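The plan is to go feature by feature and jot down what turns up.

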Amino acid sequence: MEDVNHSDTSNGTVFTNINTATETDRCDKLVDKNVPEYYCEICKKTFSSEREVSVHKEIHNKVTAYHCDICGKYFVSNNNLTIHRRIHSGEKPFHCEMCGKSFSDNSNFVVHKRIHTGEKPYHCEICGKSFSDNSSLVVHIRSHTGEKPFHCEICGKYFVKNGDLKKHIRKHTGEKPFPCEICGKSFSDNSNLVVHRRIHTGEKPFHCEICGKSFNTKGQLNRHKRIHTGEKPFHCEVCGKSLASNGDLTTHKRSHTGEKPFPCEICGKSFSDNSNLVVHKRIHTGEKPFHCEICGKYFVQNGDLNKHKRIHTGEKPFHCEICGKSFTQNSCLIIHNRSHTGEKPYYCEICGKSFSTNGDLTTHKRSHTREKPFQCEICEESFVYRRYLTEHKRLHSGEKPYNCEMCGISFSKNSLLKTHKQIHTGGKSLDLT
C-alpha cells in the first residue's frame, strides 16, 4: 500500500495521509482506510479530509477570515466566529436535560450526551477500544502508530496532541493563564486548576473500593491502590529498587545523581522533588492550609494533618510483625523495627559511632561541635537538646506538670518526681514506665 501525500506549497500547507512503514499491515490499513488524517503544517491542527484542511487554511489568510473584534482571533467561517464569541459573552444555549450542564457549541453538547447514553460509536480496529468522539479515536490510533505530529520549535520535542504541545510551550514562556478565583494562584494548565480548587472545596471525587479512602485525582487513587496490591512496577536500573509510581522512580534516581532541580527563589535551597519545594516555601509564607476540624489546629502538610488526627481517634494502623506493637506513623514503625534487627544505618563521620535514627545522629554530632541550638528567649541560655530547653522554661513559668499521686507535691521534671517517690517507698525506686 502506498502512502498518499498532497501538498500545496503556495500557502505553505501540507496535507498528509499519515502512514508508518514500520507498523503492521493492519495498522497501515486502518490509518489509510478508516481514519485518514490530514494536518495543516502552519498550525499543526488535524483534519479527516483534504476539503476540511482547504477550508481551514483560509484562517491563515486574514483578508478573507472572520475576525473577533474583542480578542483579535481569526476564524474560517462566521459560524465559528459566532461560537467563539460565546467565550466572551458566557452564553451557553445548549442545555443537557439529564444533568443540567450547558454548552456554547452544539457539537460539544452532542458528545456530552453520550456520557449519559454510554454511546461510543467510534471504534479502533487494532485493539477494539471505543470512543464517544472521532477526535479521541484519532489521538488513540497514534498510540499504535507512534506518531507525534506536533513539534515544539523551541526545544524540538514532539507530542501526540496539539493541546499537549500548547501546555508544553507554556513551560518555555512561563505563561499561567488559569487563575484560581479564591486565592489568586495561577496555573499553566486548566486541569491543574481544577485539581487545585479541590484544596478549597475539600472535594475528593476518587474513592478506593477496598478501604474507602478518597483522593483529589485519579492518579493519586491509582498509586494508592498499589498499597493494597503491593505492586511496584517501576524499577531503578542503578540499585534495583522497585517503586509504585513513575514519579517516585524519577525522584529516587536523583538520590544517585544528586540532582536537585527545584530551587527556592527566596533562600536558594534546592530540592529533588517539586512537592518538597512546595512544602518548604510555606516556611517563608507561614501558610498552613490543612485544618483539623476537631481542635482547630493548622498544618503545613496534609500528611501532618492525617498523623495529627490519630491523636483524636487513637488509631494506630502500623503494626510490628515481631512483637505486635502498634504505631500512629509508619516512620515510627520503621525505627521500632531496628530495635529487633539491631540496624543502625546512620554513622558519625567524626568518631564512627552508629545510630538507629538520623535525629539521634544529629544530636550526637553536637557533642563534637558543642553546638547548642535551643535558646531560651527569656534569659538566652542555650541547650543541646530541645527537652532540656522545655524543662528550663518551667523555671521561668513556674509550671510543675509532674504530680506525686501519694502526697500531691508537684515537680518541674519527671526525674525529680522519681527521686521524690523514693521517700514514700523507703528508698526503693519505682518502675514508672
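Here are my entries, in the order I looked things up.

**Entry 1: overall confidence and make-up**

I started with the reminder that this is a predicted model. I looked up the confidence: the protein averages a pLDDT of 84, and 88% of the residues score at least 70. Where pLDDT is low, the predicted coordinates should not be read in detail. I'm leaving that part alone.

Next came the inventory. I count 15 helices and 30 strands in the protein. Of the 433 residues, 25% are buried. I also checked how far contacts reach: taking contacts between residues at least 6 apart in sequence, 11% join residues at least 24 apart.

**Entry 2: aromatic rings**

How many aromatic pairs does a search of the whole structure find? I got three. One of them is Phe 94 with Phe 109: the ring centres are 6.4 Å apart and the planes are at 25°, so I wrote it down as stacked. Phe 94 is in strand S7 (residues 94-95) and Phe 109 is in helix H4 (residues 106-117), so this pair ties together parts 15 residues apart in sequence. I checked accessibility for both. Phe 94 is partly exposed at 24%, while Phe 109 is buried at 11%.

Then I looked at Tyr 385 and Tyr 388, which make an edge-to-face pair, with 4.9 Å from centre to centre and 90° between the planes. Tyr 385 is partly exposed, with a relative accessible area of 26%. Tyr 388 is partly exposed too, at 36%.

I went back to the phenylalanines for a moment. Phe 94, Phe 103 and Phe 109 form one aromatic cluster.

**Entry 3: cysteines**

How many disulfides are there? My count is zero. I wanted to know why, so I looked at a couple of cysteines against the cut-off, which asks for sulfur atoms within 2.5 Å. Cys 155 has its nearest cysteine sulfur on Cys 152, 3.7 Å away, and is in no disulfide. Cys 155 is partly exposed, at 43% relative accessible area. Cys 376 is in no disulfide either; the sulfur of Cys 379 is the nearest, at 3.8 Å. Is Cys 376 buried or exposed? It is buried, with a relative accessible area of 1%.

I also looked up Cys 332, which is in helix H12 (residues 330-341). Cys 332 is partly exposed at 32%. Its C-alpha is 8.6 Å from that of Phe 318, a residue 14 places away along the chain.

**Entry 4: His 392**

Cys 376 and Cys 379 came up again when I looked at His 392. This histidine is in helix H14 (residues 386-397) and is buried, with a relative accessible area of 9%. What does His 392 contact, leaving aside its neighbours within four places in sequence? I found Cys 376, Cys 379, Glu 381 and Phe 383. I noted one C-alpha distance as well: 9.3 Å from His 392 to Lys 413, which is 21 residues apart from it along the chain.

I tested the length of H5 (residues 134-145). At 1.5 Å a residue its 12 residues should span 16 Å, and the end C-alpha atoms are 17 Å apart, which agrees. The buried residues of H5 are Leu 137, Val 138, His 140, Ile 141, Arg 142 and Thr 145. An α-helix has 3.6 residues a turn, so residues three or four places apart point the same way. After H5 comes Gly 146, with a positive phi near 75°.

I repeated the length check on H6 (residues 162-173). Its 12 residues reach 17 Å from first C-alpha to last, close to the expected 16 Å. The buried residues here are Leu 165, His 168 and Arg 170. They pack against strands S11 (150-151), S12 (158-159) and S13 (178-179). Just after H6, Gly 174 has a positive phi of about 75°.

Technical notes: Residues are numbered from 1 along each chain as its sequence is written. This is a predicted model: local features need pLDDT of at least 70, side-chain atom pairs count only at pLDDT 80 or more; totals for chains, interfaces and linings use all residues. Side-chain values use heavy atoms; hydrogens and water are left out. Rings of Phe, Tyr and Trp (its six-membered ring) pair if their centres lie within 6.5 Å; planes under 30 degrees apart count as stacked, over 60 as edge-to-face and the rest as tilted. Helices (H or I, at least four residues) and strands (E, at least two) are DSSP runs, numbered from the N terminus. Buried means under 20% relative accessible area, exposed over 50%, partly exposed in between (1.4 Å probe, protein chains only). pLDDT is the predictor's confidence in each residue, from 0 to 100. The expected span of a helix is 1.5 Å times one less than its number of residues. Contact means heavy atoms within 4.5 Å.
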